[in-house]
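Subject: The model, and what turned up in it

Hi there,

Here is the structure I promised to pass on. Have a look at it first, and then read on for my notes.

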Amino acid sequence: MIRSAFCGFLCACLVAGCGGDSGTIARGNALWADSSFSAALAEYRLAASQDEDDAEKAAFVAHAYAVSGQLDRARQAWAAVLRMAPSYEGQAVFDFLSLARRSLERGDPHGVARAVEAAVAVRPGAWPQDLAGPLARYYAESGDRERAVEFYELAMVRSEPDSTAGIMLELGRLREELNQCRDALPYFEGYARQGGRDDLVSEARWRRGNCSFQLATEAHEAGRLTAALELLDTVTELGVPESVQDQAWFLRAEIHFAMGDSDAALDAYRRVLELNPARTGQLVRRAQRRIDEIRFGEES
């Protein structure tokens, strides 16, 4: 792979007329073809040192570093080349993305991220869509959730249909962790609708219910009562999280009570009691007082 990668670069250079030093560069090319990569690199470096203003010779050095997997040195060398000849930008980006894909093949997500970052430093729009998924997971695991979201969204564009559901769930989790429940809801709903492993479908439903309850509480506090009721519909229809069902019914009851719909409020307060058969706890007492107020006109 190393030899073939360099041969492609060499052929391109020959077509462009570069590599004019018939001695040192030629020896480097022969050594590289013979898999003597370290010796070849030494020849290329010698050729570049003899003419420090020759971008073509410096490009041999930069490319050799990249093909041999030396990212930091390749990055420094390509930076020097590009200062002399910006026209090599495409080759530099290609080299860094090739390093990223080789890192992916050997299971090195950190290497993938570093190589892609090197490519983007050369060309800001060089985010590779085929590496978006691995990069998203790397940034998520390393705690950079904002960047992870960016790459998950990019991955959604190019993913095969059978892998879209998994990406939706991962993206929904991240949105929830970033306190972006409103943005997370469509992903949880989409995953549950497309189906998958039973435990993950259950997780998506639970997270959807949890986010809906949070948003309903916020909507109620902001005075958006109709929106709060719609979100509470989701919570009670899903039946999860189980730990907030009585709170969801109580909040629904309070909203109906505030809107003057006594019958709907009474039904909802009664559901609070049904969910607490032992009839204990502050929420039960508050619900019972409301029921008495509605039925008998007592002050709460």
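Let me start with a question: is Arg-279 buried, partly exposed or exposed? Arg-279 is partly exposed, because its relative accessible area is 45%, where buried means under 20%, exposed over 50% and partly exposed in between, computed with a 1.4 Å probe on protein chains only. Arg-279 lies in the loop between H15 and helix H16 (282-296), and its phi is near 55 degrees, a positive value in a residue other than glycine.

A word on the ground rules. This is a predicted model, in which local features need pLDDT of at least 70 and side-chain atom pairs count only at pLDDT 80 or more, while totals for chains, interfaces and linings use all residues. Residues are numbered from 1 along each chain as its sequence is written, and side-chain values use heavy atoms, with hydrogens and water left out.

The overall picture

The protein chain has 16 helices and zero strands; these are DSSP runs numbered from the N terminus, with helices being H or I of at least four residues and strands E of at least two. Of its 300 residues, 45% count as buried. Taking contacts (heavy atoms within 4.5 Å) between residues at least 6 apart in sequence, 49% join residues at least 24 apart.

Two helices side by side

Helix H5 (residues 71-84) and helix H7 (residues 109-122) pack with their axes 11 Å apart, at an angle of about 5 degrees. That makes H5 roughly parallel to H7, since angles under 35 degrees count as roughly parallel, over 145 as roughly antiparallel, 65 to 115 as roughly perpendicular and the rest as oblique. The axes are lines fitted to C-alpha atoms, for helices over the stretch in contact, and the angles run from 0 to 180 degrees between N-to-C directions. On the H5 side, Leu-71, Asp-72, Arg-75 and Leu-82 meet Arg-114, Ala-115, Glu-117, Ala-118, Ala-121 and Val-122 in H7. By class, this contact has six nonpolar, no polar and four charged residues; Ala, Val, Leu, Ile, Met, Phe, Trp, Tyr, Cys and Pro count as nonpolar, Asp, Glu, Lys and Arg as charged, and the others, Gly among them, as polar.

Aromatic rings

How many aromatic pairs are there? The count comes to five, where rings of Phe, Tyr and Trp (its six-membered ring) pair if their centres lie within 6.5 Å, and planes under 30 degrees apart count as stacked, over 60 as edge-to-face and the rest as tilted. One of them is Tyr-138 with Tyr-139: the centres are 5.3 Å apart and the planes at 65 degrees, so the pair is edge-to-face. Tyr-138 is buried at a relative accessible area of 17%, and Tyr-139 is buried too, at 3%.

Phe-250 and Tyr-269 are also edge-to-face, because their ring centres are 5.7 Å apart and their planes at 65 degrees. This pair links distant parts of the chain, with Phe-250 in helix H14 and Tyr-269 in helix H15 (residues 262-274), 19 residues apart. Both Phe-250 and Tyr-269 are buried.

Ring pairs also link Tyr-138, Tyr-139 and Phe-151 into a cluster. The charged end of Arg-147 sits over the ring of Tyr-139, 5.1 Å from its centre, which requires NZ of Lys or CZ of Arg to be within 6 Å of the ring centre and within 35 degrees of the ring normal. Likewise, the charged end of Arg-252 sits over the ring of Trp-249, 5.0 Å from its centre.

Some single residues

His-256 is in helix H14 (residues 245-258) and is buried, with a relative accessible area of 14%. Beyond its neighbours within four places in sequence, His-256 is in contact with Leu-229, Asp-261, Ala-264 and Ala-265.

Tyr-191 belongs to helix H11 (residues 181-194) and counts as buried at 4% relative accessibility. With neighbours within four places in sequence set aside, its contacts include Ala-165, Leu-169 and Leu-200.

Asn-179 is found in the loop between helix H10 (161-177) and H11. Asn-179 has a positive phi of about 60 degrees although it is not a glycine, and at 70% relative accessibility it counts as exposed.

Finally, a cis peptide bond joins Val-240 and Pro-241, with omega about -5 degrees. Pro-241 sits in the loop between helix H13 (225-238) and H14.

Best wishes
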